[in-house]
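I open the notebook and list what I looked up, one entry at a time. The sequence and structure come next.

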Amino acid sequence: MRVTNRKKIAVIGGGITGLTAAFYLEKSARDHRLPLDVVLIESSLRLGGKIQTLRKDGFIIERGPESFIDHDDSMTELTEHLGIQDEVVSNNRGQTYIAVGTHLYPIPNGILFGGAPIVTSLLTSGIVSLSGKVRAAGDLFLPKTKEEKDEPIGDFFRRRFGKEVVENLVEPLLAGTFAGDIDRLSIQSMFPEIYEMEKQYRSLIYGMKKSHFSLFNQVKGYQTFKNGLETLVEKIEECLPSKTILKGVKVESIDRLQDGTMQIYFNNIAPLKCDAVIVTTTLNQAKNMFAHYGIFHEIPDMNYATIATVTMAFEKMENGNYQDAISFYFSRNSDISITTCTWSNHKWNNVAPDGYDLIRTYIGRVGDEAIVELSDADIEKTVLHDLEKSIGIKQKPKFTIVSRWKQSMPQYTVGHEKRLEKMKEILKKEFPYVKLAGSSYEGISVPDCVTQGKQAAEEIISELFHIHKEYLLT
């Protein structure tokens with residue numbers, strides 16, 4: 001039966017999740033001639049959230065995320081819909097190094113990109129000692145855990161591979177990627193494939209070999225856009241009708257009305273009545289929108305790590321060390337404040353003009369947030385000291401760009417899956433036409449957020465207009 005009454009869907013949060021949701025809502029309305037109005041609500045004066053590209057003197061500098069790995073082809077699909085698939089570029093391959101103590105070791109590509117099992121790769125490296133290699137090989141013989149429960153990533157990998165592999169490999173790689181504490185982060189939420197692999201194969205080494213799984217999931221390689229990651233944000237905003245977007249408007253609360261619709265209250269404009277809502281803010285912000293109902297009082301607040309990206313441009317170091325280098329990771333025992341460093345113009349051909357090197361570093365992690373509060377000058381001094389100490393860069397930079405991200409990296413701690421299931425159950429009962437999506441929920445990468453945004457849009461339209469989701473894809 002054709003729906004004639006117009007419906008209004010509000011998308012709260014203008015990061016990449018909210019942008020994707022709004023885009024697919026508008027697309028479905030056009031493709032299927034649905035009587036639908038969409039409103040995208042963003043509290044700041046710009047869209048894109050943590051995706052921010054600075055284009056400066058021929059340099060392309062990413063203040064937030066710099067690339068993506070398109071595991072589920074969600075980005076390929078979105079870029080094709082937007083008509084920007086020809087602007088996608090792939091990374092150059094090179095060597096990744098990891099600091100163990102005061103020494104940098106190359107990480108075998110078998111660990112990062114799949115192929116040879118982890119222990120086979122470690123046998124030829126100096127990342128762990130002989131005893132550490134023997135202990136890691138013990139995974140082949142150890143039984144799987146008898147308990148069906150979530151556990152910290154650190155405990156899980158220590159149980160399978162031993163303490164040394166965790167300290168010298170797992171912790172620095174994950175600290176550089178998620179800025180988190182491996183003794184609190186959830187194996188079930190962060191590495192669901194590995195969590196299930198132990199159940200299926202018992203041995204992770206055997207399971208990785210059978211399934212061709214890459215421990216750090218980099219098989220496909222990285223991608224971005226010729227003119228920076230913000231190209232994606234700009235193109236989606238360009239595709240959305242201007243009347244769809246409200247900027248500089250903060251949501252304070254959401255009420256349910258007797259007729260089944262909802263009322264959204266703001267800090268500076270009149271309330272908005274709508275039929276459905278997709279909330280893409282942080283989990284803590286989402287909880288606050290319903291605080292007056294008390295429905296999430298049993299759900300604890302989520303922790304977020306504070307980090308900063310520090311990007312420096314140097315005159316070309318033709319005869320310097322590590323000319324094959326793409327990335328460096330630093331463990332807590334390395335006496336280095338940087339958690340990770342990317343030699344950006346080695347990784348990408350489009351980010352720096354001829355004659356220059358572009359170095360991008362991360363500082364800050366759980367338990368070490370104070371460094372982010374330093375002045376730009378002190379942060380620059382700290383990073384330069386670390387770069388000289390670790391990889392021998394002694395030059396002064398042409399310029400330095402410091403970008404702080406306070407309380408920005410969601411921490412999926414043990415029990416995250418159950419907490420998320422509980423929130424969804426509560427919403428289904430109390431607010432059936434509200435969906436949660438975004439980096440606080442089911443994946444923090446750009447493709448994860450794109451996938452969640454599209455799924456939320458499809459679910460809302462399917463439920464609101466009683467259309468099978470399969471039909472929406474045709």
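**Entry 1**

I started with Thr 145, which sits in the loop between helix 5 and helix 6. I noted first that the model is a predicted one.

Next I asked which residues Thr 145 is in contact with, leaving aside its neighbours within four places in sequence. I found Arg 159 and Glu 198. I also looked up the separation of Thr 145 and Arg 160: they are 15 residues apart in sequence, and their C-alpha atoms are 9.8 Å apart in space.

**Entry 1: a network of salt bridges**

Arg 159 and Glu 198 came up again when I turned to charged side chains. Together with Asp 139, Glu 151 and Arg 160, they are linked in a network of salt bridges.

Within this group I looked at Arg 160 and Asp 139, whose side chains form a salt bridge with an N to O distance of 2.8 Å. Where do the two residues lie in the chain? Arg 160 belongs to helix 6 (residues 153-161), while Asp 139 is in the loop between helix 5 (130-137) and helix 6. They are 21 residues apart, and I wrote the pair down as a link between distant parts of the chain. Both Arg 160 and Asp 139 are buried.

**Entry 2: two other salt bridges**

How many salt bridges does the structure hold? The count is 27. I picked out two more.

One of them joins the side chains of Glu 237 and Lys 247, again at 2.8 Å from N to O. Glu 237 has a relative accessible area of 26% and is partly exposed. Lys 247 is also partly exposed, at 34% relative accessibility.

The other is between Lys 389 and Asp 335, with the closest N and O atoms 2.8 Å apart. Here Lys 389 lies in helix 14 (residues 376-391), and Asp 335 lies in the loop between strand 15 (325-330) and strand 16 (338-343). The two residues are 54 residues apart, so I noted another link between distant parts of the chain. Lys 389 is partly exposed at 45% relative accessibility, whereas Asp 335 counts as exposed at 60%. The cut-off for exposed is over 50%, which means that Asp 335 passes it.

**Entry 3: cysteines**

How many disulfides are there? I found 0. Cys 449 is in no disulfide, and the nearest cysteine sulfur, in Cys 239, is 19 Å away. Cys 449 is buried, with a relative accessible area of 6%. I looked up Cys 274 too, and it is buried with a value of 1%.

**Entry 4: strand 1 and its partners**

Last, I followed strand 1 (residues 7-12). Strand 1 runs parallel to strand 2 (residues 36-42), and 6 bridges join them. Lys 7 stands opposite Leu 36 of strand 2. With helix 1 (residues 16-31) included, strand 1 and strand 2 make a right-handed β-α-β unit.

Strand 1 also pairs with strand 13 (residues 276-279), in the parallel sense, over 4 bridges. Which residue of strand 13 is the bridge partner of Ala 10? I wrote down Val 277.

Conventions:
Residues are numbered from 1 along each chain as its sequence is written. This is a predicted model: local features need pLDDT of at least 70, side-chain atom pairs count only at pLDDT 80 or more; totals for chains, interfaces and linings use all residues. Side-chain values use heavy atoms; hydrogens and water are left out. A salt bridge is a side-chain nitrogen of Lys or Arg within 4 Å of a carboxyl oxygen of Asp or Glu. Buried means under 20% relative accessible area, exposed over 50%, partly exposed in between (1.4 Å probe, protein chains only). A disulfide is a pair of cysteine sulfur atoms within 2.5 Å. Contact means heavy atoms within 4.5 Å. Two strands pair if DSSP finds at least two bridges between them. A crossover is right-handed if, with the strands pointing away from the viewer, the path from the first strand over the helix to the second runs clockwise.
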